[in-house]
Amino acid sequence: MAIESEYVIETQDLVKIYKTGKVKAVDGLNLKIKKGEIYALIGANGSGKTTSLNMISGALFPTSGNIRVLGYNVPKHRRIISNYIGIAPQDYSIFYDLSLEENVRFFSRIYGMTKAEFEPRFNELLNILRLEEKRKALAKNLSGGMKRRTSIACALIHNPRIVFFDEATVGIDPVLRTFFWKYFHSLKEDGITLVITSHVMDEAERADRIGLMRGGKLIAEGTPSELRNKHNADSIEEIFIKLSEGVIIDE
Amino acid sequence: MSKKNVDLKPKNLNFSLRRTMAIAFRTMNQFRRDRRTIALMSIVPIVIMLIFGLAFSGEVRNVPVIIDNQDVLYTNPFPPISLHLGPNITDNLVADDGVDVTFGNYDQGIDSVELGDVYAAVLIPANFSELVVRMLTGENVTIQLYVYIDATKPTIRASVMSTIYDALDSAVGDRGIKLVQILAHDGAEFTGLDVGIPSVIAFVIIFLLVIVGTITVTREKIQGTQDRLYSTPLRSSERLLGYVIGLLLIAILMISLTLIFGVLVFGVKVHGNVFLLIFAALIFGIAHVFLAVFLSNFAQNELQAIQFAPLTALPSMALGGMLVPIVSLPVWLQPLSYVVPLTYGINLFEGIMLKGWGFKELWVDFTVVAGMCLLFFILAVVTVRNRMRD
């Protein structure tokens, strides 16, 4: 068993250069995320948030640097840690030609869950995510918000200890967003660590800690109030704009 | 703004060439950005024209046959006629490049035909010249020449028979000599459909599995589910095997339908073991599912994926002996036939369905197909692994 550490996720000088481009998508990222916190990774589109998540979850091999998740080296032990992490990707990553239930069941099988383990957990998630009526609906016929919730159900079905929500709260209506944040806090109470990426700066106010990313690097980190005090600003957006001064942001 | 009323007859309600061309250019633009599709679209027709053109340019020639000339010199006392026609016939056959003559024993020749090493065995009987002399002297005799022939390839059969007839005709003249054809493989006579079905099965397996396989995998790539599965406990081998089993169930259904349709509606007979046939279809199918998974690496979207099917299937059709028997391809093109998987598929299905062959006669083809499975599997696994590192 790996050594218990205060941090469930640690990256050290993480670098990713995609083969197709010469750009450093991630350029020396040092992240430390504590157990049971809600950590918001904030940055413009193209700042390296998703690439970082993909490397931490073991889906993408880093060009250089070290990653430890729950004390295990990633990608070396990615199959072990995959049981403890859940991912709700930006693009949903669900099967549009399957029903909601079939999608979640598929992922439960990939995680090796039995039918007896699946049923109660699935019903619980349907209830929490308010998806009961849509369980037989084809994923392609669901609205954007429902697709997002289906994707979240797929991410949570195996009771992960760490969950990555990649832009999960972007592009949804305010009611649902508020609901999501309440839900995130309830997950936190259960001891689950959440990593949430967003390019909407104000989202970050609701997180425990924030990491601001730009050009594949962390340019600022701290609790929302720490950051506001340090940079003498009223909002995270203001800090980000201050720190980005003179830099043209992609998109 | 003083004028508040809108124009009730705006000009842009008429048919507009400008709008039409906007759609036209947008459609073209999609292709301009998709370089791989353009490349495929320019390569596919050239490859196909080239291969088909070459395949059809050849004639049936150098078909291997065995000749047993037992004919002996016959000297008639009265009227004094001395004849030895056998060598004349064989000389004519040797000179004709339609066939590639080997001299041998007729019984062994029959075995060679049964094993598929040669297409025909010809027997010129010992009393052939004698009978011709007796006919010339006015006797009413029947003169026969025996040809033991493989009937599974109608074009080859017709060509060989006409070559023999020509040789006979120029040696003896038109004297009503009977060419007795004995059909190999238990005298199985084939209609056009019988002969076609095995190649159709092999072709359908390649064509559909490559289409269905590449599209299934490519769609996963587009949906993003493939990337997501990398951060689950799923192994590459599990993924690959999963694709194979899923696609094979579809393949089995497809093959069964083709067979049942052929047997019930068109009365096609399966001369060999049905279970061996299913086994052959399965491993041939598995190889192509692996190939499809491998090929899907090179497709970014479904449009590209779908073009791999004609790109693999059509050259196979031309080179694998489906349209033109391999022996009638231009000689320098024939080695390519042995690279094309369809060749072995057709060998297997024809062998089992038409010739009633078993594993004993077909082990080489089975081995090659098994080797293809292994090769494509390795390629598929390696590329699935590598993609994670990109």
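Visitor: What share of the contacts in chain B with a separation of 6 or more comes from residues 24 or more positions apart?
Guide: Good place to start! This is a predicted model, and in chain B such residues account for 81% of those contacts.

Visitor: OK, and how many helices and strands does chain B have?
Guide: Chain B has 15 helices and seven strands. Its radius of gyration is 30 Å, while the globule rule gives 21 Å for 390 residues, so chain B is more spread out than a compact globule.

Visitor: What box do its C-alpha atoms fill?
Guide: Along the principal axes, the C-alpha atoms of chain B fill roughly 125 × 60 × 40 Å.

Visitor: And how much of chain B is buried?
Guide: Buried residues make up 38% of its 390 residues.

Visitor: Switching to chain A: what is the strand order in the open sheet?
Guide: The six strands run β7-β8-β9-β4-β10-β11, and the pairing is mixed. β7 (85-88) and β11 (217-222) of chain A each have a single partner strand, so one side of each has no neighbour in the sheet. From one strand to the next, the twist averages 15 degrees.

Visitor: Are β4 and β10 of chain A parallel or antiparallel?
Guide: Parallel! β4 (residues 38-43) and β10 (residues 209-214) of chain A pair that way over five bridges. For A:Ala40, the bridge partner in β10(A) is A:Ile210.

Visitor: Which helix packs on that sheet?
Guide: That is α5 (residues 144-156) of chain A, which touches β7 and β8 (162-166) of chain A. The direction of α5 makes about 170 degrees with that of β7(A).

Notes. Residues numbered from 1 in each chain as written. Chains lettered and ligands numbered in written order. Predicted model: local features only at pLDDT ≥ 70, side-chain atom pairs only at ≥ 80, totals over all residues. Helix = DSSP H or I, 4+ residues; strand = E, 2+ residues; numbered from the N terminus. Rg over C-alpha atoms; globule rule 2.2 N^0.38 Å. Buried ≥ 20, exposed ≤ 12 C-beta atoms within 10 Å, placed from the backbone. Contact = placed C-beta atoms within 7 Å. Pairing = 2+ DSSP bridges. Axes fitted to C-alpha atoms, helices over the stretch in contact; angles between N-to-C directions.
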